[in-house]
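Look at the model below and follow its strands, its surface and its salt bridges in turn.

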Amino acid sequence: KVKAPMAEPVFQEKESLFADEKKAIARTALGLIEDGDTIYLDGGSTVLGLARLLGVKRDLTVVTNSLMAAAELMESGHKLVIVGGEFRRLSRTLVGALTAPVINALFFDKAFLGTIGFTLEDGISTTDPNEAYTKGLIMKRSRQVVLLADSSKLGVPSFAASGQAEDIDVIVTDAGAPQ
């Protein structure tokens, strides 16, 4: 029996859910970033937690569609590129076909993606097709794709598929996650 797709809470609510787990995931993900990397930061509260830690790294180029991450990094000293697109209020991201010209002109050492759902059968998924489209573009342009997902996202599909499990190189999750 298929589980019902997971609904997406508003951003402020997302930040408060599994807060300790998300901080631990962000700290682990930080260890995957080397000085001088070109990285992509997706939307989502766990990825925002990672953005808040980037001050300890040097000479990064950070590309993001997240207005929250961009606001966090404005004074960081890192090169910051904001992907244009249609504003999605719920996630505070820029998404959809208008993101393609910028994303398709760039390559990333590492992409850090959030998700609403992830299953081995269906891969990563989200509630919005435009957001799924943008995530799909990013995965094609990245040498390494890192999924940041607390255990509540695992084993649960959402509405719009973003990419298959084999598109992801590393999953950073919390201790409560299934093997």
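Pro178 counts as exposed, at 58% relative accessibility. The classes are these: buried is under 20% relative accessible area, exposed over 50%, and partly exposed in between (1.4 Å probe, protein chains only). Pro178 sits in the segment after β11 (170-172). Leu154 is 24 residues from Pro178 in sequence, and their C-alpha atoms are 8.0 Å apart in space.

This is a predicted model, in which local features need pLDDT of at least 70, side-chain atom pairs count only at pLDDT 80 or more, and totals for chains, interfaces and linings use all residues. Residues are numbered from 1 along each chain as its sequence is written, and side-chain values use heavy atoms, with hydrogens and water left out. Helices (H or I, at least four residues) and strands (E, at least two) are DSSP runs, numbered from the N terminus.

Turn to the strands. Two of them pair if DSSP finds at least two bridges between them. Strand β2 (residues 61-64) and strand β3 (residues 79-82) run parallel, joined by four bridges. Val63 has Val81 in β3 as its bridge partner. Between β2 and β3 the chain passes through helix α4 (residues 67-73), and this β-α-β crossover is right-handed. That is, with the strands pointing away from the viewer, the path from the first strand over the helix to the second runs clockwise.

Now strand β9 (residues 142-148). Five of its seven residues are buried, so β9 is largely enclosed by the rest of the structure. Strand β6 (residues 108-113) pairs with β9 in the parallel sense over five bridges. Here Phe108 stands opposite Ser142. β9 also runs parallel to β11, with three bridges joining them. In that pairing Leu147 faces Ile171.

Thr119 belongs to strand β7 (residues 117-119). At 6% relative accessibility, Thr119 counts as buried. Beyond its neighbours within four places in sequence, Thr119 is in contact (heavy atoms within 4.5 Å) with Gly155, Val156 and Pro157.

Phe87 lies in strand β4 (residues 86-88). Its relative accessible area is 45%, so Phe87 is partly exposed. Leu67, Ile82 and Phe87 make a nonpolar surface patch of about 260 Å². Patches are made of residues with over 30% relative accessible area and no salt bridge; like charges are joined within 9 Å, nonpolar side chains (Val, Leu, Ile, Met, Phe, Trp, Tyr) within 5 Å. Accessible areas come from the Shrake-Rupley method with a 1.4 Å probe; for residues, only the protein chains shown count as cover.

Last, the charged pairs. A salt bridge is a side-chain nitrogen of Lys or Arg within 4 Å of a carboxyl oxygen of Asp or Glu. The count comes to eight. One joins Lys135 and Asp42, at 2.2 Å from N to O. Lys135 lies in helix α6 (residues 129-140) and Asp42 in the loop between β1 (38-41) and α3 (45-51), so the pair ties together parts 93 residues apart in sequence. Lys135 and Asp42 are buried.

Arg88 and Asp128 also meet in a salt bridge, at 3.7 Å from N to O. Arg88 is in strand β4 and Asp128 in the loop between β8 (123-126) and α6, 40 residues apart. Both residues, Arg88 and Asp128, are buried.

Arg143 bridges to Asp109, with the closest N and O atoms 2.4 Å apart. Arg143 lies in β9 and Asp109 in β6, so this pair ties together parts that are 34 residues apart in sequence. Arg143 is exposed, with a relative accessible area of 63%. Asp109, at 22% relative accessibility, counts as partly exposed. Finally, Glu34, Asp37 and Lys110 are linked in a network of salt bridges.
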